[in-house]
Structures are given as structure tokens and as C-alpha cells.
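Me: Please take one part of this chain and go through it closely, residue by residue where that helps. Then set it against the chain as a whole.

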Amino acid sequence: RVAITQLQSTPTITSKVAIDTFNLRKLLNQLQDELPEMAKSNTLEKLALSFNSRITLSDEAPNIAINNLKLALDNSQLSGQGELQPGDKLLARWNLSLNQLNLNDYLPPKPEDVIEPESKPKPEDQPEFVLELPNELLRSLDLDGQLRVGQLTFDQLNMANILVTFKAKDGLLDLTQLRADLFNTQAQASAQLDVRDDQPNMAIKLNSRNIPIGEVISSFVDFDRLSGTGLVQADLTTAGDRISQWQKNVNGSLTLN
């Protein structure tokens, strides 16, 4: 359903879209779009989408607002609203909620036997890694949004009650809050990237208590002979675009127990 008003001055297009549940995998196969192999063969079989939109056209840049967004994919449901205004400065606002997502279902199946290749020594004259950032693009961003996730599974890592809030303005990118429940405890972090000057400045904070060390290690490697709890706290800053500069400019505090 689409309606257009103020056609001769500032055209405004409002619409309501509703797509009932359909089999995305079947549709893509009919379009001869070959899907990559996934761990579960019955993924992408249920997709439904509905939202209201309002597009305002102006001489500068269009403003696109999305409300009452509801996206259902298999067992995952995304809802919320957002706003986008492209132009010389990209403006975006969003507030989204995702009930749960199991990334393992959509990743390639794990091979049963993996032979690790022998690591080759790095040549001494290998050039140093340089982080090349699109500074002009980052300075043009005007972002403010948050995402909540009820349950997220990746490999053997299970996280719950995730909250991510992010802001960016005039070259200051701020992950103001990253919070998640994992391993029967809560981890909190924040990070900042400042590209207002030629040399990027970075900061990170991390606070997590009562981490079950054995569970963490066994989630990533096949090792179960360690147990106990630990604490990790960090408040670090650094500057530069290469490893040697980060090492030289690092400052702050790090606590491990």
C-alpha cells in the first residue's frame, strides 16, 4: 500500500509492506542462485517481512524512516525502527531487538578431521601491518543506535541479554556500551575510535568478574584440565595506525586475577 502527498512541494511517500511467510531457499533455487553449504540444510525456509515506511524527498537528501519493522527468519525475529538520510553526511538512527540467533546453523559444516598446516616463519623484512582507515568517510557519519539480542550462539560461545549502543559524530566513533551475559557472568566493554586528527586515537574499557576459566578455554580449544574463576579489567588507550605505534603509545591499566 503506497500513498504520495505534497507532490509539487516536498513529495512524501508513505507505504505499508507485508510479505507473508515463504520459503526463501526454494525461491533462490528456482532463480538458480546457488547457496553455500550450511550446517543445517533446513535453514532459510521461513521468511516473513512487514514494515511501515515514510520517505520525504527534499533538495538536499531524502529522509527514510522505517517503523513497525518485523522480520522473521527461521527461528529468529527482528523488530524495531530506524531512520536513514544519505548525503554529504550520512545520518542513521536505529533501535532494534533480536530474540535469538544461532550462527552455527548458517555457517559451513565443520570438517571431522582438520590437519593444521605447518606455520612458516615470517621473514624479517616483512612489511609492518598498517591500519588504513577511510578517515573522510568516518568523519561524515552521524550515527546513533542500539541493538538488543536475547540469545546469540557462535561456535561453543553462548551469549544472552546482549546490549550494543553505538554513536558516531564528526570523526568520533563511540561504542558506548557492549554488555552480555556469558559463562554465568556478565561482561561489559566500551571502545572509542577518534579520527578527527590525522593520527587515529583508540580507547577500550573492559570489566568482567568471576569468569570460569575452564569453560572459556574449552569453548575455544580442546583442553579441559584447568578450572577456577578469574577477573579481567582493562582501561587502555593508544594512538597510531601501525603495531609499533600502538606499542609505543599504549597507556592505562590492566588487571588480571
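Contacts, pairing and overall form

Reply: Leaving out residues up to four places away in sequence, Asp142 touches Leu90, Leu91, Ala92, Arg93, Ala168 and Lys169. The model is a predicted one, so these contacts are computed from predicted coordinates. Asp142 lies in strand E7, which covers residues 141-154. The relative accessible area of Asp142 is 16%, and the cut-off for buried is under 20%, so Asp142 counts as buried.

A second residue to look at is Ala203, in strand E11. Its relative accessibility is 26%, which falls between the limits of 20% and 50%, so Ala203 is classed as partly exposed. With neighbours within four places in sequence set aside, the contacts of Ala203 are Ser190, Ala191, Gln192, Leu236 and Thr237. Between Ala203 and Val2 there are 201 residues of sequence separation, and their C-alpha atoms are 46 Å apart.

Strand E11 runs over residues 201-212 and strand E12 over residues 229-239; the two pair in the antiparallel sense over ten bridges. Within that pairing, Ile204 stands opposite Leu236 of E12. Leu236 is also one of the contacts of Ala203. Strand E12 has a further antiparallel pairing, over six bridges, with strand E13 at residues 251-256. There, Gln233 stands opposite Thr255 of E13.

Now the whole chain. Its secondary structure amounts to four helices and 13 strands. The radius of gyration is 23 Å, well over the 18 Å that the globule rule gives for 257 residues, so the chain is more spread out than a compact globule. The C-alpha trace spans about 65 × 50 × 40 Å along its principal axes. Of the 257 residues, 26% are buried, and Asp142 is among the buried residues. Among contacts between residues at least 6 apart in sequence, 45% join residues at least 24 apart.

The accessible surface comes to about 18,000 Å², and carbon and sulfur atoms hold 52% of that.

Methods. Residues numbered from 1 in each chain as written. Predicted model: local features only at pLDDT ≥ 70, side-chain atom pairs only at ≥ 80, totals over all residues. Heavy atoms only, no water. Pairing = 2+ DSSP bridges. Rg over C-alpha atoms; globule rule 2.2 N^0.38 Å. Buried < 20%, exposed > 50% of the residue type's maximum accessible area, 1.4 Å probe, protein only. Contact = heavy atoms within 4.5 Å. Areas by Shrake-Rupley, 256 points an atom, 1.4 Å probe, with all protein chains shown as cover.
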